[in-house]
Amino acid sequence: MWYLYMLRCSDGSLYTGITKDIDRRVKEHNGGKIGAKAIKGKLPAELVYSEEYPNMTEAARREREIKGWTRVKKLLLIGGLP
């Protein structure tokens, strides 16, 4: 299984990625050495959303879709707006 995941960084920004192991990936991000450059300096990051996919292709397709969304639409997806 592959997962699309979304993190909320300490500055309130959102980061979207894909992985085969969400727990490991969140730990890597928060560890600061293997995590994405986009969130360095914005740690800690908290997992706020995930979706499960049967393969990397589908997870990556969804990741590209969500990364093209506005912040408001992302917040609506994760339940961050009333």
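Q: Which residue stands opposite Tyr5 in β3?
A: Strands of a sheet pair through backbone hydrogen bonds, either parallel or antiparallel. In this predicted model, the residue facing Tyr5 is Ser50 of β3.

Q: What is the bridge partner of Leu7 in β2?
A: Leu7 is partnered by Tyr15. The β1 and β2 pairing is antiparallel too, over 6 bridges.

Q: What do β1 and β2 form, and which turn residue has a positive phi?
A: The two strands make a hairpin, with 4 residues between them. Look at Gly12 in the turn: its phi is positive, about 90 degrees.

Q: What is the strand order of the open sheet?
A: Read the pairings side by side. The sheet has 3 strands in the order β2-β1-β3, paired antiparallel. β2 (14-19) and β3 (45-53) are the edge strands. Each has a single partner strand, so one side of each lacks a neighbour in the sheet. From one strand to the next, the twist averages 20 degrees.

Q: Which helix packs on the sheet?
A: Helix α3, residues 71-78, packs there and touches β1, β2 and β3. The direction of α3 makes about 110 degrees with that of β1.

Q: Side chains next. How should I read their directions along a strand?
A: In a regular strand the side chains alternate between the two faces of the sheet. Now turn to burial in β2. There, 5 of the 6 residues are buried, so β2 is largely enclosed by the rest of the structure.

Q: Which residues form a nonpolar patch on the surface?
A: Val72, Leu76 and Leu81 form the patch. Together they have about 250 Å² of accessible area.

Q: How many salt bridges does a search of the whole structure find?
A: The search finds 5. Here a salt bridge needs a side-chain nitrogen of Lys or Arg within 4 Å of a carboxyl oxygen of Asp or Glu. One of them joins Glu28 and Arg24, at 2.8 Å from N to O.

Q: Where do Glu28 and Arg24 lie?
A: Both are in helix α1, residues 22-31. They sit 4 residues apart, about one turn of the helix.

Q: Which residues are linked with Glu28 in a network of salt bridges?
A: Arg24 and Arg25 are linked with Glu28 in the network. Arg25 and Glu28 have their closest N and O atoms 2.9 Å apart. These two are 3 residues apart in helix α1, so about one helical turn separates them.

Q: Is Glu28 buried or exposed?
A: Compare relative accessible area with the cut-off: buried means under 20%. Glu28 has 18% relative accessibility, so Glu28 counts as buried. Arg25, at 15%, is buried as well. Arg24 is partly exposed, with 36%.

Q: What are the relative accessible areas of Arg62 and Glu51?
A: Arg62 has 16% and is buried. Glu51 has 13% and is buried.

Terms used. Residues numbered from 1 in each chain as written. Predicted model: local features only at pLDDT ≥ 70, side-chain atom pairs only at ≥ 80, totals over all residues. Heavy atoms only, no water. Pairing = 2+ DSSP bridges. Axes fitted to C-alpha atoms, helices over the stretch in contact; angles between N-to-C directions. Contact = heavy atoms within 4.5 Å. Patch = residues over 30% accessible without salt bridge, like charges linked within 9 Å, V, L, I, M, F, W, Y side chains within 5 Å. Areas by Shrake-Rupley, 256 points an atom, 1.4 Å probe, with all protein chains shown as cover. Buried < 20%, exposed > 50% of the residue type's maximum accessible area, 1.4 Å probe, protein only.
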